[in-house]
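Take a look at the fold before reading on.

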Amino acid sequence: VLLYRANFFRSIFSAKQYIIHNSIYVNGILVDKPDYRVKLWDCITISNINFFYKKMKTNLINKNILTSYPSYLEVNYKLGTIIVIRAPKLDKVPFPFFMPLESFAFSFLK
């Protein structure tokens, strides 16, 4: 979800596919499961950054991508990195459906 929210991918499904094909590192360790839970100050890195950056640059030129991302992330498109700098406030996280947030807890809030 963080890869999608940082606008690295156009859908959650394409981000999931990228993770499954061994292309994401968290703190230098290869992650191959889409349900991996990040913690505060974890650094998420895209492998094959040259290919990724060329694709990102083309999308920016063609205005096919948003350049905004949540304030709880530090994103560097040129390096292909995302750092979780603080826990998001639950009322600031957009959900496409109703969710009882009081019973839901983020793993990195603890």
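This is a predicted model: local features need pLDDT of at least 70, side-chain atom pairs count only at pLDDT 80 or more; totals for chains, interfaces and linings use all residues.

## A word on pairing, and the model

Two strands are said to pair if DSSP finds at least two bridges between them.

## The chain at a glance

The chain holds 3 helices and 5 strands. Read from the N terminus on, the elements run α-α-β-β-β-α-β-β. The chain has 110 residues, and 32% of them count as buried.

Strand 3 and strand 5 run antiparallel to each other and pair over 3 bridges. Strand 4 and strand 5 (residues 81-84) are also paired in the antiparallel sense, here over 4 bridges.

## Strand 4 and its hairpin

Strand 4 and strand 5 form a hairpin, with 4 residues between the two strands. In the turn, Gly 80 has a positive phi of about 70°.

Which residues of strand 4 lie on its covered face, and which on its uncovered one? Leu 73 and Val 75 make up the covered face, while Glu 74 and Asn 76 make up the uncovered one.

## Aromatic contacts

Now to the rings. The count comes to 3 aromatic pairs. One of them joins Phe 8 and Tyr 77 in a tilted arrangement, at 5.6 Å centre to centre and with 55° between the planes. This pair links distant parts of the chain: Phe 8 is in the loop between helix 1 (2-5) and helix 2, Tyr 77 is in the loop between strand 4 and strand 5, and the two are 69 residues apart. Both Phe 8 and Tyr 77 are buried. Together with Tyr 69, Phe 8 and Tyr 77 form one aromatic cluster.

Phe 9 and Tyr 18 form another tilted pair, with 5.0 Å from centre to centre and 50° between the planes. Phe 9 has a relative accessibility of 9%, so Phe 9 counts as buried. Tyr 18 is buried as well, because its relative accessible area is 16%.

## Two asparagines with positive phi

Two loops contain a residue other than glycine with a positive phi. Asn 7 has a phi near 65° and is found in the loop between helix 1 and helix 2. With a relative accessibility of 12%, Asn 7 falls under the cut-off and therefore counts as buried.

For Asn 48, phi is near 55°, again a positive value in a residue other than glycine. Asn 48 is found in the loop between strand 3 (43-46) and helix 3 (49-61).

Which residues make the nonpolar surface patch? Val 1, Tyr 4 and Ile 12 do, and the patch amounts to about 270 Å². Ile 12 has its place in helix 2 (residues 12-20). Patches are made of residues with over 30% relative accessible area. Ile 12 has a relative accessible area of 40%, so Ile 12 is partly exposed.

Notes
Residues are numbered from 1 along each chain as its sequence is written. Side-chain values use heavy atoms; hydrogens and water are left out. Patches are made of residues with over 30% relative accessible area and no salt bridge: like charges are joined within 9 Å, nonpolar side chains (Val, Leu, Ile, Met, Phe, Trp, Tyr) within 5 Å. Accessible areas come from the Shrake-Rupley method with a 1.4 Å probe; for residues, only the protein chains shown count as cover. A salt bridge is a side-chain nitrogen of Lys or Arg within 4 Å of a carboxyl oxygen of Asp or Glu. Buried means under 20% relative accessible area, exposed over 50%, partly exposed in between (1.4 Å probe, protein chains only). Rings of Phe, Tyr and Trp (its six-membered ring) pair if their centres lie within 6.5 Å; planes under 30 degrees apart count as stacked, over 60 as edge-to-face and the rest as tilted.
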